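Good morning, and thank you for joining.

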Amino acid sequence: MASSFIFLIFFFFYLFRVHHAILDPNDFLALQSIRKSLHDVPGSNFFPSWDFTSDPCTFSGVFCTADRVVALNLGDPRAGSPGLTGKLDPALSKLSALAELTVVPGRIYGPLPPSLSALTNLRFLGISRNFISGEIPPGLGNLRSLRTLDLSYNQLSGTIPPAIGNLPELINVVLCHNRLTGPVPRFSSQTLTRLDLKHNTLSGSIEPDSLPPSLNYLSLSWNWFTGPVDRLLTRLNQLNYLDLSLNRFTGSIPPQLFSYPLTNLQLERNQFTGPVQPVNDVSIQTVDLSYNRFSGEISPMLANVQYLYLNNNGFSGQVPASFIDRLLAASIEILYLQHNYLTGIAISPTAEIPVSSSLCIQYNCMVPPVQTACPVRSGTEKIRPAEECNQWRG
């Protein structure tokens, strides 16, 4: 009788272990260290569930498979949550089965622990909109399974480690709104679809083979990049979003760029030169080429663009008649042609431009036939001085 009772005890204990696996001791201790280093910002209610007298796999943001933590989402994911404060504990590296690590926007400060390089199973690393400072640990280049790296909207400085570019499985790299310097490393992943490096102080030229043709989204705006990009852009024929604005890029733009499946093309405020000659009718919704050094006549192939900014360049000649037709039909909503060397536009002085559309043609080599509202930054002068127009023609 006693032996049967003992057997039943062991049997039920076995069932409990099968269905309620006890968390790996290393993971248990790591979670305790993480909890000690982080705190709820007033108004946040993330950590009350972290009661270590209960099963840690039931904690908010902790997800387990068997006896290991495989995902850790630190902070209340609901929109508007004030997030957490404190520092990221190096003990994060003890969660060796971790495949996903995210931190919601908050007030976490200090450096990224170099020990994160030990998380070789990590596929997703997202720590954005906090106050993380210091350099990106080069050891992150050890995370060979990493697919998404999002460290945006922090205070990171230093260079982007070249080892990051060698990660073979990368799909998304988002490092925008930091204080990163130096060049862009060569990215070898042939699955990379999104690269967002805007609002840093990165510099140097972009080598033609440094970015893979798999890219769909590329933003390098608000940096200090220089040099030509025509050979690079010729390779990136899968782009649907391109923003190179506010840099110092030079050279020409390949005509085939306008045939890519783009919805948004932002090249403003650079030093691009030469003509703009799309091969076919352009179906891109927004094209901004303003504040460059483009020249030649405006191509009628651009008449289908809904938001078109060609202002502050060296365009000359007549405005294509197709532009006026599209403007009066409200198909073009913004047509900015101011501060060029244009000599004519076939529009009646009595033409009624739709309320939903904006036309600005001041400060060209002609008297504007219609009075339209222009941006304040366009100035008050309506016509370019004759000597400038003669010099341009001559």
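I shall speak of packing between elements, and by contact I mean heavy atoms within 4.5 Å. Please bear in mind that this is a predicted model.

Let us begin with helix α2, residues 25-37. Its 13 residues reach 19 Å from the first C-alpha to the last, close to the 18 Å expected at 1.5 Å a residue. Which residues of α2 are buried? They are Asp27, Ala30, Leu31, Ile34 and Ser37. Viewed down the axis of α2, these buried residues fall within an arc of 125 degrees, so they line one face of the helix. In general, an α-helix has 3.6 residues a turn, so residues three or four places apart point the same way. The face turned away from the buried side of α2 carries the exposed residues Pro25, Leu29 and Lys36.

What does the buried side meet? The buried residues of α2 pack against β1 (38-40), β2 (62-65), β3 (68-74) and β4 (84-86). At the start of α2, a side-chain oxygen of Asp24 comes to within 2.9 Å of the backbone nitrogen of Asn26.

As for annotation, an unreviewed UniProt entry lists residues 25-65 as "domain: Leucine-rich repeat-containing N-terminal plant-type". In the model this span is 32% helix and 17% strand, and its end C-alpha atoms lie 14 Å apart.

Finally, the largest nonpolar core has 98 residues, of which Leu72, Leu211, Leu242 and Phe258 touch the most other members. Elements that each supply at least two residues of this core include α2, β3 and α5 (321-328). Beyond its neighbours within four places in sequence, Leu242 has contacts that include Leu218, Leu233 and Asn264.

Methods. Residues are numbered from 1 along each chain as its sequence is written. This is a predicted model: local features need pLDDT of at least 70, side-chain atom pairs count only at pLDDT 80 or more; totals for chains, interfaces and linings use all residues. Side-chain values use heavy atoms; hydrogens and water are left out. UniProt positions are given in the numbering used here, feature names are shortened, and annotations may be inferred rather than shown by experiment. Helices (H or I, at least four residues) and strands (E, at least two) are DSSP runs, numbered from the N terminus. The expected span of a helix is 1.5 Å times one less than its number of residues. Buried means under 20% relative accessible area, exposed over 50%, partly exposed in between (1.4 Å probe, protein chains only). The arc is that of the directions from the helix axis to the C-beta atoms. A polar contact is a pair of N or O atoms within 3.5 Å; within protein, one must be able to donate a hydrogen and the other to accept it, and residues adjacent in sequence count only if both atoms are side-chain atoms. A nonpolar core is a set of buried Ala, Val, Leu, Ile, Met, Phe, Trp, Tyr and Cys residues joined through side-chain atoms within 4.5 Å.
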